[in-house]
Amino acid sequence: MAKKKQVGRRVEGWKAKSWFKVHVPDNLGKAYIGDTIANDAESVVGRIMTATLGEITNDYAKQYMKMSFKIATVTGDSAYTEFVGHEVTRDYLRSLVKRRSSRIDTIVPVVTKDGKKVRLTVCTYTFARANISQEHAIRNAIMQGVAAQAGAWDLTTLLNGIVSGEISRDLFKAVKTIYPTRRVEITKSKVEPVAAKVDTS
């Protein structure tokens with residue numbers, strides 16, 4: 001015997017979902033960067049959204065910087081995020097590389113004063129090819145320069161320093177006396193996830 005058809009009309013899955021407007025953190029003006037769809041607000045929290053700095057600030061000279069944000073809270077149909085990292089585009093990186101010069105990468109772990117662990121990738125571009133001892137001295141200067149400032153940074157201050165270029169300018173001043181330097185750029189940052197506390201009771 002055939003089954004009876006279900007009484008009433010079934011709502012299609014996507015029609016039952018809701019759209020949420022996603023905004024960047026306060027220090028970037030809570031700019032709207034797009035929408036995400038979900039069954040409920042709880043399932044939106046934790047999602048990663050990306051946008052270029054140019055889109056956020058309406059400064060299209062900064063389209064090369066891709067920003068990543070994690071949705072932290074939802075109020076009504078608005079989702080609010082926190083910064084989790086950035087990366088510059090490959091095209092922009094290629095434009096910085098010149099023949100017969102050096103690109104010196106320094107990976108710097110930072111713990112901000114609000115307890116966030118962040119890995120920064122700092123690239124130094126020289127006018128001419130540096131030797132190994134000069135590269136070593138530049139990396140040391142980058143590490144010392146970041147360490148000297150890190151204690152005063154919270155995550156918001158760090159983000160502002162990356163976006164404005166202030167940190168790069170300070171590091172440039174520190175390394176240009178070691179070897180003729182064309183540019184210092186923070187090409188990548190990543191906020192490391194905090195490990196869950198283990199219950200030892």
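Which residue lies over the face of Tyr80? In this predicted model, that place is taken by Lys30, at 5.3 Å from the ring centre of Tyr80.

A pair of aromatic rings is described by the distance of the centres and the angle of the planes. Two aromatic pairs are counted here. One of them joins Tyr64 and Tyr92, whose ring centres are 3.8 Å from each other and whose planes stand at 15°, a stacked arrangement. Since the limit for stacking is an angle under 30 degrees, the 15° of Tyr64 and Tyr92 falls in that class. Tyr64 belongs to the loop between helix 1 (53-57) and strand 4 (65-75), while Tyr92 is part of helix 2 (residues 90-96), so this pair ties together parts of the chain that are 28 residues apart in sequence. With a relative accessibility of 17%, Tyr64 counts as buried. Tyr92, at 15% relative accessibility, counts as buried as well.

The other pair, Phe69 with Phe83, is edge-to-face, with 6.3 Å from centre to centre and 65° between the planes. Here the two partners come from strands: Phe69 lies in strand 4 and Phe83 in strand 5 (residues 78-88), so the pair ties together parts that are 14 residues apart in sequence. Phe69 and Phe83 are both buried.

Attention now turns to a pair of helices. Helix 4 (residues 155-164) and helix 5 (residues 166-175) have axes that come within 5 Å and cross at roughly 75°. Angles of 65 to 115 degrees count as roughly perpendicular, and helix 4 and helix 5 are therefore roughly perpendicular to each other. On the side of helix 4, the contact is made by Leu158, Gly161, Ile162 and Ser164, which meet Glu166, Ile167 and Arg169 of helix 5. By residue class, this contact of helix 4 with helix 5 holds three nonpolar, two polar and two charged residues.

A last stop is Asn131, found in the loop between strand 7 (117-126) and helix 3 (132-150). How far is the C-alpha atom of Asn131 from that of Ser102? The two C-alpha atoms are separated by 8.9 Å, although Asn131 and Ser102 are 29 residues apart along the chain. Asn131 has a relative accessible area of 38% and is therefore partly exposed, in contrast to the buried Phe69 and Phe83.

Methods: Residues are numbered from 1 along each chain as its sequence is written. This is a predicted model: local features need pLDDT of at least 70, side-chain atom pairs count only at pLDDT 80 or more; totals for chains, interfaces and linings use all residues. Side-chain values use heavy atoms; hydrogens and water are left out. Axes are lines fitted to C-alpha atoms, for helices over the stretch in contact, and angles run from 0 to 180 degrees between N-to-C directions. Helices (H or I, at least four residues) and strands (E, at least two) are DSSP runs, numbered from the N terminus. Angles under 35 degrees count as roughly parallel, over 145 as roughly antiparallel, 65 to 115 as roughly perpendicular and the rest as oblique. Contact means heavy atoms within 4.5 Å. Ala, Val, Leu, Ile, Met, Phe, Trp, Tyr, Cys and Pro count as nonpolar, Asp, Glu, Lys and Arg as charged, and the others, Gly among them, as polar. Rings of Phe, Tyr and Trp (its six-membered ring) pair if their centres lie within 6.5 Å; planes under 30 degrees apart count as stacked, over 60 as edge-to-face and the rest as tilted. Buried means under 20% relative accessible area, exposed over 50%, partly exposed in between (1.4 Å probe, protein chains only). A charge sits over a ring if NZ of Lys or CZ of Arg is within 6 Å of the ring centre and within 35 degrees of the ring normal.
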